[in-house]
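Here is a friendly walk through a two-chain model, in questions and answers. Please have a look at it first.

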Amino acid sequence: MRIGVFVCHCGSNIAGTVDVAEVAERARHYPDVVYADDPMYTCAEPGQAAIEQAIHDYKLDGVVVASCTPRMHEPTFRRTVERAGLNPYMFEMANIREHVSWIGKDKEANTNKAAELVLMAVEKLRRNRPLSPKSFEVTKKVLIIGGGVAGIQAALDCADGGVPVILVEREATIGGKMAKLDKTFPTVDCSACILGPKMVDVAQHPLITLYAYSEVEDISGYVGNFEVKIRKKTPYVDWSKCTGCGTCTEKCPSKKTPDAFNEFMGDTTAITIAFPQAIPKKAVINAPYCRKLTSGKCGICAKVCPTGAVDYELKDEVITETVGSIVAATGYDLVDWSVYEEYGGGRYPDVITALQYERLLNASGPTGGHVVRPSDGREPRDVVFIQCVGSRDRSIGRPYCSAFCCMYTAKQAVLTKDHIPDSQSHIFYMDIRAAGKLYDEFTRRAMEEYGTNYIRGRVSAIYPDGEGRYVVMGADTLMGEPIEIKADLVVLAVGIQASAGAEKLAEKLRISYDAYGFFMESHVKLKPVETNTAGVFLAGVCQGPKDIPASVAQGSAAAAKVLDLFARPQLHSDPAIAHVDMRRCVDCGKCIRCCPFGAIEEVNMRGVNKAQVIETVCQGCGLCVATCPQGAIQLSHSTDNQILAEVNALCRF
Amino acid sequence: MMNAISLGRMRDPAFTREVEERSGQDISTCYQCGNCTAGCPAGFVYDRQVNQIMRGVQLGLKEQVLKSNAVWFCLGCSMCSLRCPNNIDVARVMETLRHMARHEGDVTVPRVEKFWLSFLDTVRAFGRTWEIGTMALYMFRSLRLTTDLDLAPAALKRHKLPFIPKCAPDEGAAAAGRILARYKERARAKGVRP
């Protein structure tokens, strides 16, 4: 074999703490190595050209690049050697940046370690075999989980691009959190007016199948061919007959049902349609509050329904769909703010969350858009806003910034002035984070044109003053003095966390999530919508706090990734997968049970049962290799012999 | 015009490190939200607010911090520690600063120190506090002979001011005395004010 070794300087990233020329010099004496060099930037165009040239000049049939993590540039260099006529799997990478130069300062030790890593790569490469990928068909259909603005955007972009979409939404209507908002920053345009048309488009698009009031129960398979089980929760109403006329909601006698859509700011009926622009506009029965379902006596909605849609016997239904790609857009929930005793811990009716305040401001909300105090229905004069309630707080395990509270608080102060011209808003803040197009201008407007009183400091206590108002005690850290304000209404900018059940869904999708339940992207900067599971993409707040413009952008980005995936006539599977040596397999079945991808099946070979790997499903994780008691399974590109050769290279002494 | 703080001249990084070491708190995690100041029940008499003290420690402004009356007026109620979003035990930092100020000879509010000494005298003698003794010693030390006397009748009625001190049981008083003596000895060996 004729091997070429390239030890990258990576500017000063590697050369700063590793003697790369020395590593290259030592590599020249390794077995089968006929050429070694230390280019400045191997991944740059001249660096890649040098590899191709060396392959031609020295008739190389294998290449080792000692540089950075293979996660970034292994595909790059595989393409390079392929261009020069080699099989892309006759290439090995030694990570001497993340594993050596960035983590150690001792140049001599670093140089020794780098040289040993290169030797390991050379020993492995000597045992590499050319591999070629298998191609397989793709189901050109996408599943989008979550019908908030990010999911809606992804669904519309995919469908407009000609890809059939299955949109699954947990609630009875799509629209997500944005549907609850009154106005949106920084333009103060009506949320329903800009989101509503998109929701209608979803309902009307011939390529979009909407499963509202449904949840993803199980996901199996792999990129190109996922099999998804979706549970359609029973609304006790036959939606094919329901016209959304609303007669049932008018007649329902159970009028004390908590109204989740209105953030529990009012009551609704047990059979309900969330809001006038709901998509689908279909009635749903809230079972624990329905008299017919709990006590068997009532049945009024069934009697008044003009189409006979109400059916108390309707059961959940589980359907199975096959899709080629999945977009997760599951959004967020509010942090539980009742842990904050200083704000009353939820005891005071006039201390509300910003999302509840949105419902008070909204014309289709419980007060018809009149801003009044929940306790006595009076118009507030002094409204205190408190930011960072459950954000940037390590003491409750939420150290991150929720990203959009500064902006919506400014918006709510502006709207308060619009609704009640003689009102005064006071905002307690730590820092004003208004880094976005027209954002800082907006917060300045809230101060300059709307007279909002921004107070740099925190609130230590809220208590009733005995005359129907609340005393807000706090500090103005710019003045360096404790201060107090009499308030009629207190609005908390409650921070956000991943939506309930996000971790469970992540496990079904086989993607990772961070300590707070937000899904992990493949690369923080360069792969913000991809995940480490091929074919699964992210959109919106499920990946991390972001506002509407960013969620919409990410929804479109995820759609672009789906369209990119489906633009290929066939997908290629990575050939670095498991293979069963039929002669040694004893059909114990352990590999079948341990495979997390369901990639091993039992086949009958001339009357004897044997395990067999389904090549397009296997991910090459190696679990079966470790499990097989016979050593009958080997992982191509990481065979036992290759791993032992690496170990021998390292433990010669 | 106020004089600018010359960071080059007045900054003392060793001071920041010492406060961190002695209090066991990571001062750099303070992001100046102001929760401590908002909750402080004694803030209205401070010349510098708690968050400003924390800022001073971050900057290493030893003199400004240790000469502040806040260090002495702090009640040690720990509301600041409870409210800190970064889990800093702010009250512990204040306590540390108080000790450091004393060792440096910077007692900006001597009355508070006198009260403490009076309190500790009764603990030394009886192993636990004796309110009326503390009061009398404090009046004597501070020459504020009538301070808080108006509270006495009500406190007496509620049996909050017993005339006879209660001793700690099981030789506890002697043990408390030994602890305080040991502390004093150690301080003397270090050459700081006990």
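Q: Which strands and helices are included in what covers the buried residues of helix 6 of chain A?
A: Let's begin inside chain A, with a model that is predicted: local features need pLDDT of at least 70, side-chain atom pairs count only at pLDDT 80 or more, and totals for chains, interfaces and linings use all residues. Residues are numbered from 1 along each chain as its sequence is written, while chains are lettered from A and ligands numbered from 1 in the order in which they are written. Helices (H or I, at least four residues) and strands (E, at least two) are DSSP runs numbered from the N terminus. The cover over the buried residues of helix 6 of chain A includes strand 6 (142–145), strand 7 (165–168), helix 7 (191–204), strand 10 (208–211), strand 18 (325–328) and helix 15 (548–566) of chain A.

Q: How many residues of helix 6 of chain A are buried?
A: A residue is buried if 20 or more other C-beta atoms lie within 10 Å of its own, exposed if 12 or fewer, and partly exposed in between, with C-beta atoms placed from the backbone. Among the buried residues of helix 6 of chain A are V149(A), I152(A), L156(A) and D157(A). The helix is mostly covered, and its buried count is 11 of 12 residues.

Q: What span does helix 6 of chain A reach from its first C-alpha to its last?
A: The expected span of a helix is 1.5 Å times one less than its number of residues. Helix 6 of chain A (residues 149–160) has 12 residues, and its reach is close to the expected value, at 16 Å.

Q: Which residue with a positive phi follows helix 6 of chain A?
A: The phi in question is near 95°. The residue is G162(A).

Q: In what order do the four strands of the open parallel sheet in chain A run?
A: Two strands pair if DSSP finds at least two bridges between them. Strand 1 (residues 3–7) and strand 2 of chain A pair in the parallel sense over four bridges, and F6(A) has D37(A) in strand 2 as its bridge partner. The four strands of chain A form the open sheet in the order 2-1-3-4.

Q: Which strands are the edge strands of this sheet?
A: An edge strand here pairs on one side only. In chain A, the edges are strand 2 (33–37) and strand 4 (91–95).

Q: What is the average twist from one strand of the sheet to the next?
A: Axes are lines fitted to C-alpha atoms, for helices over the stretch in contact, and angles run from 0 to 180 degrees between N-to-C directions. From one strand to the next, the twist averages 15°.

Q: Which strand of chain A gives the most to the side that touches chain B?
A: Two residues are in contact if their C-beta atoms, placed from the backbone, lie within 7 Å. On that basis, 16 residues of chain A are in contact with 17 residues of chain B. Strand 24 (459–464) and strand 25 (470–476) of chain A each supply at least two residues of this side. The one that gives the most, with three residues, is strand 25.

Q: How far apart are the centres of the two domains of chain B?
A: Domain bounds come from an automatic or database domain assignment. Chain B has 12 helices and zero strands, and it is divided into domain 1 (7–104) and domain 2 (110–190). Taken over C-alpha atoms, the centres of these domains are separated by 27 Å.
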